[in-house]
Amino acid sequence: MRVLLLLAAVGLCGAQYNANTQPGRTSIVHLFEWRWADIALECERYLAPYGFGGVQVSPPNENVVVTSPNRPWWERYQPISYKLCSRSGNEDEFRDMVTRCNNVGVRIYVDAVVNHMCGSGAGYGTHSTCGSYFNAGNRDFPAVPYSGWDFNDGKCTTGSGEIESYQDIYQIRNCRLSGLLDLAMEKDYVRSKVAEYLNHLIDIGVAGFRIDAAKHMWPGDIKGFLDKLHNLNTKWFSSGARPFIYQEVIDLGGEPVTGSQYYGNGRVTEFKYGAKLGTVIRRWNGEKMSYLKNWGEGWGFAPSDRALVFVDNHDNQRGHGAGGASILTFWDARLYKMAVGFMLAHPYGFTRVMSSFRWPRNFQNGHDVNDWYGPPSNWDGSTKSVPINPDTTCGDDWVCEHRWRQIRNMVVFRNVVDGEPFSNWWDNNSNQVAFGRGSKGFIVFNNDDWQLNEYLQTGLPAGTYCDVISGDKDNNRCTGIQVNVSGDGKAHFQISNSAEDPFIAIHINAKL
C-alpha cells in the first residue's frame with residue numbers, strides 16, 4: 001500500500017511537465033491568431049492525420065480593442081475580463097473547437113494572460129471584445145471584478161511605476177511591464193479569480209496552459225493559483241490528470257530572474273534554444289553545426305524534462321522578446337526548415353512548431369515599424385478565415401509553416417523515433433553533420449559551401465527508404481530521394497550545397 005501511495009505521489013509531482021498528448025504524439029503547433037472555427041477544422045483534416053499532439057491557441061479572453069480596423073496582434077495581451085470572447089470567436093465556438101480537437105486526439109493549450117490587465121493608458125469605456133465596461137485609470141474592471149485593491153501599484157518602488165532595471169528582481173515582479181496594470185498575485189482573491197478562469201477552461205476540456213509573462217510573477221504566487229486548479233476533464237483525460245504548465249520565462253543569462261526558479265511549477269520556455277540554434281545555422285560568430293554534438297543541457301539549457309523548445313515564437317519573430325537578429329523565421333525559409341528539422345530530430349526538450357501570418361515588413365534604422373500588424377483581416381477588423389490552396393498550403397497571407405512538407409514530415413519523424421537514443425553522430429568538423437535516433441531514424445545536414453558525399457552509419461535495418469524532406473512515401477514508391485541502407489547499416493548520402501533543402505531524413509515508417 002505504501003508503495004502505491006508513493007507512486008501516486010510521484011505521478012502527481014511530475015504531472016504538470018506532461019503535455020497530456022496521446023501516446024506517439026510528441027509535438028504541438030502554435031496556430032497564432034487563428035479563429036476557433038478554423039482550428040477545429042484543422043485538427044480534423046490535418047493535425048490529427050499527421051500526428052500533431054496539440055495546438056497552442058491565442059488568448060481566448062476578453063481584451064481591449066486598441067484601434068479599428070487596424071488592430072495590432074498585441075491587443076490580445078491586454079485583458080479586460082476572463083469572459084471567452086475574442087477575435088478568434090465566442091465561448092460556443094471555443095467549446096466546439098476544444099470538443100472537436102479532443103475527439104480526434106489533438107489537445108488544446110491556452111495562452112493564459114494573468115500577470116496583468118490592460119495598459120494604464122487604455123482609457124475607459126466599452127471598447128473591448130465583449131463590450132464590457134472598464135476604467136484603466138481607476139483600476140476598475142467590473143466584469144471580473146477587480147478594483148484598485150487588486151493591483152501592485154503600491155508595491156512598485158520606481159518613480160514611473162514601470163520596470164526600470166532588469167537587474168532588480170523586485171521591479172521585474174512588482175512593477176508594470178510596458179505600462180500593463182500589474183495584478184497583486186499574492187492576494188488570495190486575485191489568485192482565486194485567475195484559478196476560476198483557468199478552471200473554466202479546464203472544465204471545457206483544455207489540456208494545459210502557457211503562462212504568459214511568468215518571469216514577471218513570483219514563482220510562489222504562480223504556485224498559489226496553480227494549486228487551485230482542477231484535474232483535467234475525464235471525458236478525454238485519465239482520472240487525476242493535471243494540466244500541462246509551461247511558463248514564459250525569458251532567461252538568456254545575466255539577470256537575477258532565471259528559468260530554474262520556475263521549474264517547480266512546470267516547464268519553462270527555453271529562449272536560449274532558438275537564439276543559439278539560429279546563430280549556429282546562420283554560421284555567425286564562428287559557430288559550426290559540428291559544435292551541436294552536445295546540444296541541450298551541454299549548452300547550458302534547462303534540463304530536457306523542464307524545457308519547452310522552439311525555433312521562433314510570435315514575439316521574437318518580430319524582434320520582440322528574446323534572441324535578437326539570430327532568430328530564424330519563415331522569412332529565411334531555407335535555413336528555417338533546417339533549424340526546425342534539427343529540433344524535431346533531436347531528443348532534447350518538448351517541441352513546439354510555429355504557424356504564422358505575413359505582414360508588410362518595413363525596416364527603419366534596423367527596426368521593423370510594422371511589427372505590430374495583426375492577423376489577416378476583413379475591412380471591419382475581424383480576422384479572416386484561413387483558406388487552404390489546392391497544393392495544401394494556406395492563402396491570404398497565412399504562412400502555415402506546419403503545413404510545409406519538410407516540417408510536417410519531421411513532426412512524423414519525431415513521433416516515429418520517440419524514446420530512441422541519440423546515436424551515430426558524424427560531422428566533418430565544419431557544417432556537415434548527421435545523427436540517428438537508435439534503429440528508427442537518421443538525419444543528415446549539409447550547411448557548408450561544398451557538396452556532402454559520404455557513406456555513413458545510419459543504425460537502421462537494411463532496405464530502401466524514402467527521404468521525407470524531398471518527398472513522401474507514396475504506396476511503394478518515393479516521390480523524392482531514395483536512400484539504400486546496406487546490411488551493415490551504412491548508406492551513401494550526396495547533398496548539394498545549393499539544394500533547396502540541404503538535408504535528408506529517413507525513418508522506419510518511410511521504408512519501402
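This short talk goes through some salt bridges of the structure above and then the surroundings of one threonine.

Before I start, please keep in mind that this is a predicted model, in which local features need pLDDT of at least 70 and side-chain atom pairs count only at pLDDT 80 or more, whereas totals for chains, interfaces and linings use all residues. Residues are numbered from 1 along each chain as its sequence is written, and side-chain values use heavy atoms, with hydrogens and water left out.

Let me begin with charge pairs. Side chains of opposite charge can pair when their charged atoms come close. Taking a salt bridge as a side-chain nitrogen of Lys or Arg within 4 Å of a carboxyl oxygen of Asp or Glu, the structure holds 32 of them.

One of these joins Arg95 to Glu91, with 3.0 Å from N to O. Both residues lie in helix 3 (residues 91-103), four residues apart, which means that about one helical turn separates them; helices here are DSSP runs of H or I with at least four residues, strands are runs of E with at least two, and both are numbered from the N terminus. On accessibility, I call a residue buried under 20% relative accessible area, exposed over 50%, and partly exposed in between, using a 1.4 Å probe and protein chains only. By that scale Arg95 is partly exposed at 36%, and Glu91 is partly exposed at 24%.

The salt bridge between Asp150 and Lys187 has its closest N and O atoms 3.2 Å apart. This pair links distant parts of the chain, 37 residues apart, since Asp150 sits in the loop between strand 6 (134-135) and helix 4 (169-174), while Lys187 sits in the loop between strand 7 (180-182) and helix 5 (188-204). Asp150 is buried, at 4% relative accessibility, whereas Lys187 is partly exposed, at 26%.

In another salt bridge, Asp227 and Lys223 meet at 2.7 Å, N to O, and here Asp227 is exposed at 52%, with Lys223 partly exposed at 42%. There is also a network of salt bridges that links Asp111, Arg210, Asp212 and Glu248.

Finally, I turn to Thr26, which is placed in the loop between helix 1 (2-13) and strand 1 (27-31) and is buried, with a relative accessible area of 9%. Leaving aside residues up to four places away in sequence, Thr26 touches Phe350, Thr351, Arg414, Asn415 and Asp418, where contact means heavy atoms within 4.5 Å.
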